[in-house]
Amino acid sequence: MSPAIALIDGNSFYCSCERVFDPKLAGVPVIVLSNNDGCAIARTAEAKALGIRMGEPYFKIRDLCRREGVRVFSSNYALYGDMSARANAVYRTFAPDVEVYSIDESFLDLSDVRERDRVELARDLRATVRRWTGLPTCVGIGPTKTLAKLANHIAKSIPDLRGVCDLSDENERAAWLVGIPAGEVWGVGRASLAKLQALGVDTVADLRDLDLRPARKALTVVGERIIHELRGRACLPLELVPARWQGCAMTRSFSARITERAELEQAVAAHAAQLGEKLRRDGLATNQITVFYHTSEHDRGDPMRSTSTVIHLPEATNDSLALIKAAQHGIARTWREPVGIPWRYSKAGVITTDLVPLAESPRALFGALDRERSGALMAAMDACNTRFGRGSVVPARAGLVEKRTWSTKFEMRTPRYTTRLAEVPSVLAHLPA
């Protein structure tokens, strides 16, 4: 059997999730906005046809959306994450080895499937995902990840392919690569494309045939790896076990500017609490955090200020209370009372690097935490939030979720249909008399 990798992804994934629970959105232009309803981060084909670009600020297209009947939604990450998990559960019934690459993309190993059966299997996979989850997908197949990604792009672009493209055959692959711009290759960004064009590379076929030495000089080892992948030599294996995090960041822009220290302390405390939750989920810990906050360069006329500081802990921990204490110490160290016009802070965050497994981290000689007591408390808090919904139990310093005036706004968010019992749709049935 020849090696074969399939890349399956959801078409306009966030928008498709919204359409699953509102069939009236079919055929209607739909966009989903980023945090604080800032920019368009997902668009249906109908919205793209209206000229709405990825990342375009909503305030610039608000009138267009009203005029053209575009349905606009705030991000509903709880819903999208759960729908992604459901789709991946379907993928695992078709392939034993699945790498979840992102919320809407997964790589599948189809090497054990006969070459003549792969397209039919992929079509069956698409149909099953659509039937079981309601999500439309496309599948690209190739001997390497890069070619599978490219095949997926072709599958989306050519309706006659019915959502599946297989680039396993070398002759068929050569015919396709001649007509595709090099910028469509996975890993070739704007800066890399400019360097390739200077070398006379316009199409994917040109890139595949490029000599390895200038490619490595222009794009480092990454460029050389891309060429090998385009030639059918796999350099990127499936990552079936997620790599351990090296760092983690919890940052958010505020829905309203913050001028008071108490509000800023509450915001970083909430971020530190979420950081602890994420670390506990993977059994990791940290012994230092960076706390930062700054004003916005877009607030013309307002004084600018940006600050950050690193706080070291006695030992590595994932205890939210210990992380909150460290984060607030960071605010105390850097806060300055304004003279005259107050600083209007637009964003804050907590960042950590050099994560280690908690069980393997050394203990402090002085100031060590009671890990047994801490672990029991954090486990109880996590269990409550899992059962009753995130934010049901929070440290007091992080503030009650519904009373956070600075919290990210989602004014047009749909219900979290699959993860919140109180938001499950209700159906009224009228019995015959």
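Trainee: Is helix α6 mostly covered or mostly uncovered, and how many of its residues are buried?
Mentor: This is a predicted model, and in it a residue counts as buried when its relative accessible area is under 20%. By that cut-off α6 is mostly covered, and the buried residues include K145, L147, L150 and I154. Of the 13 residues in the helix, the number buried is 10.

Trainee: What span does α6 reach from its first C-alpha to its last?
Mentor: The helix runs over residues 145–157, and at 1.5 Å a residue a span of 18 Å is expected.

Trainee: Which helix supplies the largest share of the lining of the largest cavity?
Mentor: The search of the whole structure finds 1 cavity of 30 Å³ or more, and about 60 Å³ of space lies in the largest cavity. Its lining has 13 residues, with F13, A87, Y91, I103 and D104 closest to the centre. Both α4 and β6 supply at least two lining residues, but the largest share, 4 residues, comes from α4.

Trainee: How many charged residues are in the lining of the second largest pocket?
Mentor: About 800 Å³ of space lies in this pocket, which is lined by 32 residues, with G10, N11, S12, F13 and K156 nearest its centre. Helix α6 is among the elements that each supply at least two lining residues, while α1 gives the largest share, 6 residues. The lining divides into 13 nonpolar and 8 polar residues, and the number of charged ones is 11.

Conventions. Residues are numbered from 1 along each chain as its sequence is written. This is a predicted model: local features need pLDDT of at least 70, side-chain atom pairs count only at pLDDT 80 or more; totals for chains, interfaces and linings use all residues. Side-chain values use heavy atoms; hydrogens and water are left out. The expected span of a helix is 1.5 Å times one less than its number of residues. Buried means under 20% relative accessible area, exposed over 50%, partly exposed in between (1.4 Å probe, protein chains only). On a 1 Å grid over the protein atoms alone, a cavity is a set of points where a 1.4 Å probe fits but cannot get out, and a pocket is an open set with protein on both sides within 12 Å along at least five of seven lines; lining residues have an atom within 4 Å of a point. Grid points are joined across faces, edges and corners, and a volume is the space filled by probe spheres set on the points. Ala, Val, Leu, Ile, Met, Phe, Trp, Tyr, Cys and Pro count as nonpolar, Asp, Glu, Lys and Arg as charged, and the others, Gly among them, as polar.
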